[in-house]
Amino acid sequence: MSNFLSISDSAAKHIKKIIDDNSSCKALRIGLKKGGCAGMEYTMDLVEEIKENDEVIESNGAQIIVAPTAQMFLFGTTIDYEEGLIESGFKFSNPNVTEACGCGESIKFGNS
């Protein structure tokens with residue numbers, strides 16, 4: 001587990017299942033992109049190749065790559081996976097977020 005990003009057991013289990021179900025994939029890349037009503041959105045993409053300079057975080061058999069441009073914004077973040085009757089999905093608990101939109105899909109950082 002990384003000192004700048006934590007992954008709950010539930011999230012690690014779900015990430016491992018996604019990777020195992022996609023035989024050509026080796027990891028899940030987490031990043032950020034501009035968009036949404038608050039300005040930024042998390043991205044998650046399956047990765048077929050882990051490069052030498054990738055920041056890889058392993059937790060309970062799940063491999064996550066953190067996009068270099070997102071690392072400073074994800075410091076201290078915990079990624080969880082929650083299942084519910086109406087909605088299931090990954091939840092980011094990020095202490096760097098200064099504002100989030102009402103729907104919870106986009107975020108804003110102090111300098112974004």
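Which residue is the bridge partner of Leu 5 in β6? Thr 77 is. The views below show this pair and its surroundings. The model is predicted: local features need pLDDT of at least 70, side-chain atom pairs count only at pLDDT 80 or more, and totals for chains, interfaces and linings use all residues. Residues are numbered from 1 along each chain as its sequence is written, and side-chain values use heavy atoms, with hydrogens and water left out.

**View 1. The whole chain has 2 helices and 9 strands.**
Helices (H or I, at least four residues) and strands (E, at least two) are DSSP runs, numbered from the N terminus. Starting at that terminus, the order of elements is β-α-β-β-β-β-α-β-β-β-β. The C-alpha trace spans about 40 × 35 × 25 Å along its principal axes. The radius of gyration, taken over C-alpha atoms, is compared with a globule rule of 2.2 Å times the number of residues to the power 0.38. For 112 residues a compact globule would come near 13 Å, so the protein's 14 Å agrees. Buried residues (under 20% relative accessible area; exposed is over 50%, partly exposed in between; 1.4 Å probe, protein chains only) make up 36% of the 112. Contact means heavy atoms within 4.5 Å. Among contacts with a separation of 6 or more, 51% join residues 24 or more positions apart.

**View 2. Strands β1, β6 and β7 form an open sheet, in the order β1-β6-β7.**
Two strands pair if DSSP finds at least two bridges between them. The pairing in this sheet is mixed. β1 and β7 each have a single partner strand and stand at the edges, so one side of each lacks a neighbour in the sheet. The twist averages 20 degrees from one strand to the next. β1 and β6 run parallel, joined by 3 bridges. Ser 6 has Thr 78 as its bridge partner in β6. β6 and β7 (residues 89-93) are antiparallel, with 5 bridges. Here Asp 80 stands opposite Lys 91 of β7. A hairpin of 6 residues links β6 to β7. Helix α1 lies across β1, β6 and β7, at about 70 degrees to β6. Axes are lines fitted to C-alpha atoms, for helices over the stretch in contact, and angles run from 0 to 180 degrees between N-to-C directions.

**View 3. Strand β6 has a covered face and an uncovered face.**
In a regular strand the side chains alternate between the two faces of the sheet. Thr 77, Ile 79 and Tyr 81 form the covered face of β6. Thr 78, Asp 80 and Glu 82 form the uncovered one.

**View 4. Thr 77 lies in β6.**
Is Thr 77 buried or exposed? Thr 77 is buried, because its relative accessible area is 0%. A polar atom of its side chain lies 2.9 Å from the backbone oxygen of Leu 74. Leaving out residues up to four places away in sequence, Thr 77 touches Phe 4, Leu 5, Ser 6, Phe 92, Ser 93, Asn 94 and Pro 95.

**View 5. The largest nonpolar core has 24 residues.**
A nonpolar core is a set of buried Ala, Val, Leu, Ile, Met, Phe, Trp, Tyr and Cys residues joined through side-chain atoms within 4.5 Å. Leu 5, Ile 7, Ile 15 and Leu 32 have the most contacts inside this core. At least two core residues come from each of β1 (5-7), α1 (9-21), β2 (27-35), β5 (62-66), α2 (71-74), β6 (77-82) and β9 (107-109). α1 gives the largest share, 4 residues. Beyond its neighbours within four places in sequence, Leu 32 is in contact with Met 40, Glu 41, Tyr 42, Thr 43, Ala 70, Phe 73, Ile 107 and Phe 109.

**View 6. Lys 108 sits in strand β9.**
Lys 108 counts as partly exposed because its relative accessibility is 29%. Apart from residues up to four places away in sequence, Lys 108 touches Ala 38, Asn 96, Val 97, Thr 98 and Glu 99. Asn 96 is 12 residues from Lys 108 along the chain, and their C-alpha atoms are separated by 8.7 Å.

**View 7. Asn 60 is found in the loop between β4 (55-59) and β5.**
Asn 60 counts as exposed, because its relative accessibility is 52%. Its phi is near 50 degrees, a positive value in a residue other than glycine.

Conventions. A polar contact is a pair of N or O atoms within 3.5 Å; within protein, one must be able to donate a hydrogen and the other to accept it, and residues adjacent in sequence count only if both atoms are side-chain atoms.
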